[in-house]
Amino acid sequence: MKSPLQKTYDVVVVGGGPAGLAAALGAGEAGAEDILIVDRETEAGGILNQCIHSGFGLHHFKEELTGPEYAERFIQSVLSRQVTILTDSYVMNIAPDLHIEVISGDYGHLEVQAKSVVLAMGCRERTRGAIRTPGFRPAGVMTAGLAQKMVNMKGLLPGRRIAILGSGDIGLIMARRLMLEGCEVVGVYELMPFSNGLTRNLVQCLDDFAIPLRLSTTVAFIHGRDRVQRLTMAPVDDQLMPILNQSWQVACDTLLLSIGLIPENELSTRLRLKMDPATGGPQVTSTLETSLPGVFACGNVLHVHDLVDFVTEEALRAGRFAAEVAQGRRRPGDNISLQTGENIASCVPHSLSPDREQVVYLRVKRPLKDCVLTIGDRYEKVFRMLIPSEMIRLTLGPEILDRYFGEHLKIEVHPGEVA
Amino acid sequence: MVEKINLTCLGCPMGCPLQLSIVDGEIREVTGYECKRGEAYAKQEYTDPRRMVSTTVSCPTGLWPRLPVKTVDPVPKDRVPAVVQTLHTLEVKAPIRMGQIILENVAGTGVTVIATRSLPEMPEAD
Ligand SMILES: Cc1cc2nc3c(=O)[nH]c(=O)nc-3n(C[C@H](O)[C@H](O)[C@H](O)COP(=O)(O)OP(=O)(O)OC[C@H]3O[C@@H](n4cnc5c(N)ncnc54)[C@H](O)[C@@H]3O)c2cc1C
Ligand code: SF4
């Protein structure tokens, strides 16, 4: 039974992945009464439904779950509260007064008014167009996440002899998955001189199956008129340009691309939210509120996460703060702005408040060994190893922050200064 | 003669680099782990390497035609292909509950396979 839809909600959550589900839970815990989650898919759970491998929930549930298990546990606890989940429904537009337009499979065109909104639209994969690989345009070139959905949910194989470009976790996990499905994975190729995947996945997904990983390598040309027939592979120089006179040929019928994720922010840009070019997501305050009061963001739409547990933690907070605003409670604004300095690629949130403990997520620009991370002049932490693909999570207490009233705080990493 | 072996702990996403010192085929010392599980992992991996398996089984009547499943305990690494092949010949009927036992003693490993999601029946087209 679907509960009847209302015209107004305290909190409307756009997207029902782990971020949206946790945001709804957080909003409910903070006292919001009417909460609506809208998701365009047939079921809530987002990307987790297709991630059938284990590796989720070690922080949150203290056990290692598969993606679908993590999603189902969350959906159960959300449904036990007064939350309505509207699936098969696409949020078309959010107006600055938080009037929301939805196209729904069951209800047709719908309009609802929110007191506050949580953006949790996740991200999508970069495609061939993003890297402009030369060659023909045959069938058999697709993103790794699409292949994952085909194999794990629809029972379709993308091909038989498979090459994978990009060594992030999605590419590695699909390499193993396709080997188990009886395909041949000819190799995983990575443009950068290092892999972006977890070492653990290099071992259990590639080494276990003797799949070769070639670093500093790219696809220089895609051959085949109707279907992929072979690839010209080439090593790259310091500028990441292919060295064509050292190229070689790889026979395969499928090329999977695992070349990065882009936060899905069409709704945010239409709302003219202030964006951060480094994360591809909106700029947010310490309460995860965007530049438009009443609109919050969390999960992959805010910045690309690698651990669902961090998504959950962030989204619980976003939901809680969204509920406060919906109930007319406002915290004092932030008074410290965070700035990325040396070796820091991005940070979220973009400002802090010294009145409570703050969680800051960071990424470094390049792999760094034995380094010191500093925030302003009162915080220092030593790291043995930092890599761009592993997000750093820090908590900063009032005792560190209360001296910086009205200031810019710079975050930096200095390599090799450990005694 | 002390033989040194390097392993990566698969116990959690930290992936600690482990060093094993082996004397006469016996582990003398393990270093490099951040938590106790790493030490246990090293011993297990050296004497009897095992892996968790997650894959799908056919469920033609389900909302999706594939049901994701996993082994509740790790199976011997060299039995992984056999486990997957056995599961690929299986067909189950919706509705399925998360945690429901799909197969016991898969491929003679003594390990149980369970469903990792609930799968309702495909609604009739109206
Ligand atoms: C292949 C892969 C493997 C991963 N492996 C691991 C792992 O082993 N361990 C781990 O901890 N993490 C892993 N992650 C990361 C983690 O799963 C993600 O970071 C997390 O799922 C992101 O959650 P989200 O809710 O932000 O986004 P999503 O899960 O993408 O959810 C967003 C939802 O919003 C909906 N949506 C978007 N726009 C609209 C709109 N306009 N209207 C209505 N609905 C909309 C989408 O349909 C989707 O359901 C993996 C991720 C991927 C892709
Ligand atoms: S030793 Fe402990 S912390 Fe390190 S990878 Fe293994 S389980 Fe994780």
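Against which elements do the buried residues of H6(A) pack? In this predicted model, the buried residues of helix H6 of chain A pack against strand E3 (54-56), helix H5 (169-180), strand E12 (184-189) and strand E13 (213-214) of chain A, together with E1 and strand E4 (50-51) of chain B. The buried residues in question are Arg200(A), Asn201(A), Leu202(A), Val203(A), Gln204(A), Cys205(A) and Leu206(A). Because seven of the eight residues of H6(A), which spans residues 199-206, are buried, this helix is largely enclosed by the rest of the structure.

**The sheet of chain B**

Strand E1 of chain B, one of the elements that the buried residues of H6(A) pack against, also belongs to an open sheet of three strands. The order in this sheet is E1-E2-E3 (chain B), and the pairing is antiparallel. Strands E1 (2-8) and E3 (26-31) of chain B are the edge strands, as each pairs on one side only. On average, neighbouring strands of the sheet are turned by 25 degrees against each other, direction ignored. Helix H1 of chain B (residues 36-47) packs on the sheet and touches E1, E2 and E3 of chain B. The direction of H1(B) makes about 55 degrees with that of E2(B). Between E1(B) and strand E2 of chain B (residues 17-23), which run antiparallel, there are seven bridges. Within this pairing, Asn6(B) stands opposite Gln19(B) in E2(B).

**Two helices of chain A**

Helix H1 (residues 18-29) and helix H2 (residues 67-79) of chain A have axes that come within 10 Å and cross at roughly 30 degrees. Angles under 35 degrees count as roughly parallel; H1(A) and H2(A) are therefore roughly parallel to each other. Their crossing is left-handed. The table lists the residues that make the contact.

| Helix | Residues in the contact |
|---|---|
| H1(A) | Leu21(A), Ala22(A), Leu25(A) |
| H2(A) | Ala71(A), Phe74(A), Ile75(A), Ser77(A), Val78(A) |

By class, the contact of H1(A) with H2(A) has seven nonpolar residues, one polar residue and no charged residues.

**A loop residue of chain A**

Thr133(A) lies in the loop between helix H3 (128-131) and strand E10 (141-143) of chain A. Is Thr133(A) buried or exposed? Buried means under 20% relative accessible area; Thr133(A), at 12% relative accessibility, therefore counts as buried. Leaving aside neighbours within four places in sequence, Thr133(A) is in contact with Arg128(A), Val219(A) and Ile222(A).

Terms used: Residues are numbered from 1 along each chain as its sequence is written. Chains are lettered from A and ligands numbered from 1 in the order in which they are written. This is a predicted model: local features need pLDDT of at least 70, side-chain atom pairs count only at pLDDT 80 or more; totals for chains, interfaces and linings use all residues. Side-chain values use heavy atoms; hydrogens and water are left out. Two strands pair if DSSP finds at least two bridges between them. Helices (H or I, at least four residues) and strands (E, at least two) are DSSP runs, numbered from the N terminus. Axes are lines fitted to C-alpha atoms, for helices over the stretch in contact, and angles run from 0 to 180 degrees between N-to-C directions. Contact means heavy atoms within 4.5 Å. Angles under 35 degrees count as roughly parallel, over 145 as roughly antiparallel, 65 to 115 as roughly perpendicular and the rest as oblique. A crossing is left-handed if the near helix is turned anticlockwise from the far one by less than a right angle, and right-handed if clockwise. Ala, Val, Leu, Ile, Met, Phe, Trp, Tyr, Cys and Pro count as nonpolar, Asp, Glu, Lys and Arg as charged, and the others, Gly among them, as polar. Buried means under 20% relative accessible area, exposed over 50%, partly exposed in between (1.4 Å probe, protein chains only).
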